[in-house]
Amino acid sequence: MGKRIIFSIAALLVVVQFQAQQTTAWSLQQCVDYALKNNISIQQSDINVKLSELSLTQSKANVLPNLNGNFSHTYNYGRTIDRFTNQFADDRVLSQNFYLSTNIIIFQGLQNWNTIRQNMFALNASRYQVDKMRNDISLNVATAFLQVLYAQENEENARRQAALTRDQVKRTEKLVEVGSLAKGNLYDMQSQLAQEELAQVNAENALNMAYLTLIQLMRLDSSAGFTIERPVLPAPAENVLSLSADQIYALAVGTQPGVKSAEMNYMSADKAVDVAKGGVSPSVVLSGAYGTGYSGASKQISGANWNGGFDTTGVTSGGQLTLAPHIDYTFENIPFSEQLDNNLNKSIGIQVSVPIFNRMQVYSSVKRAELQRENARLSLEQNKDQLHREIQQAHADAVAALTRFRASEKALSAMEESFKYTDQKFNVGAVNALDYNTAKAKLNRAQSDLLQARYDYIFKLKVLDYYQGKPITF
């Protein structure tokens, strides 16, 4: 019973801790880190990096000697020549072969060396590609985070406006009751309240959609209790645009991982040309082998017996027969260990191969590698041009956003003074509800324009920070 109580308390603590984590406000850095950790495209790119690392490791290993061991266990049936006795065998013969062989490439047109360099550049390209993807995802998450902040302020502004109008409706009701205002003013105020309540609902929906976009980018398992931490955003300043678009490009072209990846791809393609050209060079290979074996046909004399008879071995010049004792021999298989010693064989050699004509395969490989190198060079130039255009557009957008922000500030300041005067006149019955609502709608629009201009400008500045390699923070 005591164990069950302890277990229940532990489970409750885990649930409470999980809920606390779910309701804790997420900072921008936490959102970015979570998105980078769970993004499938980044995980796939990391796998590509590991594959490139394996290719590089293999290309380095190709310069080492190889070593192979072989073993065979064979039964031969019928008439065959035994490789160890060099005699015909008609019965079933067991043969066993053991040997080690090795070879090392002495020279092959520097193909192995150039392949190593090619794979090194390819590995760096894949790493830079991962960095670019991480930067892009960080910028996308920051954009979605900023959109949530904007939607929050917009929703709060809509809520405040609806609350103010709701109070104004109550005030108008009292004025109508005492006969200070016509009842039509109350209808106009109620209509205005309905519009602002609708605007509040739309703002709430926009906030929910902004949260959904951020959650989807992060690949968050559950959105329950998810909120973001609201940082203090500094007021936009003009001095942040002190750098020109060309100055920002000069900084970005040497640091942006997209350009660096394209550069590495070009250098890898350049080394691929050297690899292909190595195919026209002679190759020199040093090889060696060490082996032995066993044969069931290898026999040795185990005994001899003279039965008293003689065999005729020839005839002399005088016509006399030459005789030799007739001896019956008995044989036995040579022992396995003895055969291994007797059948040892070693070899060492050098092989030189000179390509003369290979159906134009080397020529085609070289031309293909040269075309791929040219294509990689054009991709690099295209990447730089695209980066330059993007920075020019981002800088122009930031300048335009700053101009819009300053204009919106002035418009709101003027509209606040105008509405303050109209509100005073409405409270004393000098203007009707229609004029009051018109002035209030203009004020709401000016506030919304300034809010949107402020966040748009902040976002444009973050884009310029991104191109300059600065961390994306608020």
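Let's start with strand 6 (residues 299–315) and strand 7 (residues 321–333), which run antiparallel and are joined by 12 bridges. This and everything below refers to a predicted model. Within this pairing, phenylalanine 310 faces proline 325, its opposite residue in strand 7.

Five residues lie between the two strands of this hairpin, and glycine 319 takes a positive phi near 90 degrees there.

Four strands form an open sheet in the order 1-4-5-8, with antiparallel pairing. Its edges are strand 1 (66–76) and strand 8, each of which pairs on one side only. On average, neighbouring strands here are turned by 20 degrees against each other, direction ignored.

Inside that order, strand 4 (residues 93–107) and strand 5 (residues 283–295) are antiparallel, with 12 bridges joining them. You can find asparagine 103 standing opposite serine 287 in strand 5.

Most residues other than glycine have a negative phi. Although it is not a glycine, arginine 359 has a positive phi of about 55 degrees. Methionine 360 is found in the loop between strand 8 and helix 9 too, and its phi is positive at about 65 degrees, although it is not a glycine either.

How do they stand towards the surface? Arginine 359 has a relative accessible area of 70%, so it is exposed. Methionine 360 has 48% relative accessibility and therefore counts as partly exposed.

## The nonpolar cores

The largest nonpolar core has 53 residues, and those with the most contacts inside it are Cys31, Leu214, Met218, Phe226, Ile228, Ile391 and Tyr467. Two or more residues each are given to this core by helix 2 (28–38), helix 4 (111–177), helix 5 (183–218), helix 6 (245–252), helix 7 (257–277), helix 9 and helix 10 (433–467). Helix 4 supplies the largest share, 12 residues. Apart from this core lies another one, of 18 residues, including Leu181, Ala433, Tyr436 and Ala439.

Leaving aside neighbours within four places in sequence, leucine 214 is in contact with Cys31, Val141, Ala144, Phe145, Val148, Phe226 and Ile228.

## Helix 4 and its partners

Two packed helices are described by the angle between their axes and the distance between the axes. Helix 3 (residues 40–61) packs with helix 4 at an angle of about 170 degrees, and their axes are 9 Å apart. Which means, with angles over 145 degrees counting as roughly antiparallel, that helix 3 is roughly antiparallel to helix 4. Their crossing is left-handed. Among the residues making the contact are Ile42, Val49 and Leu56 of helix 3 and Ile116, Leu123 and Val130 of helix 4.

How is helix 4 placed towards helix 9, parallel or antiparallel? The axes of helix 4 and helix 9 come within 12 Å and cross at roughly 30 degrees. Helix 4 and helix 9 are therefore roughly parallel to each other, as angles under 35 degrees count as roughly parallel. Gln168, Arg171 and Thr172 of helix 4 meet Asp423, Phe426 and Asn427 of helix 9 in this contact.

Methods
Residues are numbered from 1 along each chain as its sequence is written. This is a predicted model: local features need pLDDT of at least 70, side-chain atom pairs count only at pLDDT 80 or more; totals for chains, interfaces and linings use all residues. Side-chain values use heavy atoms; hydrogens and water are left out. Two strands pair if DSSP finds at least two bridges between them. Buried means under 20% relative accessible area, exposed over 50%, partly exposed in between (1.4 Å probe, protein chains only). A nonpolar core is a set of buried Ala, Val, Leu, Ile, Met, Phe, Trp, Tyr and Cys residues joined through side-chain atoms within 4.5 Å. Contact means heavy atoms within 4.5 Å. Axes are lines fitted to C-alpha atoms, for helices over the stretch in contact, and angles run from 0 to 180 degrees between N-to-C directions. Angles under 35 degrees count as roughly parallel, over 145 as roughly antiparallel, 65 to 115 as roughly perpendicular and the rest as oblique. A crossing is left-handed if the near helix is turned anticlockwise from the far one by less than a right angle, and right-handed if clockwise.
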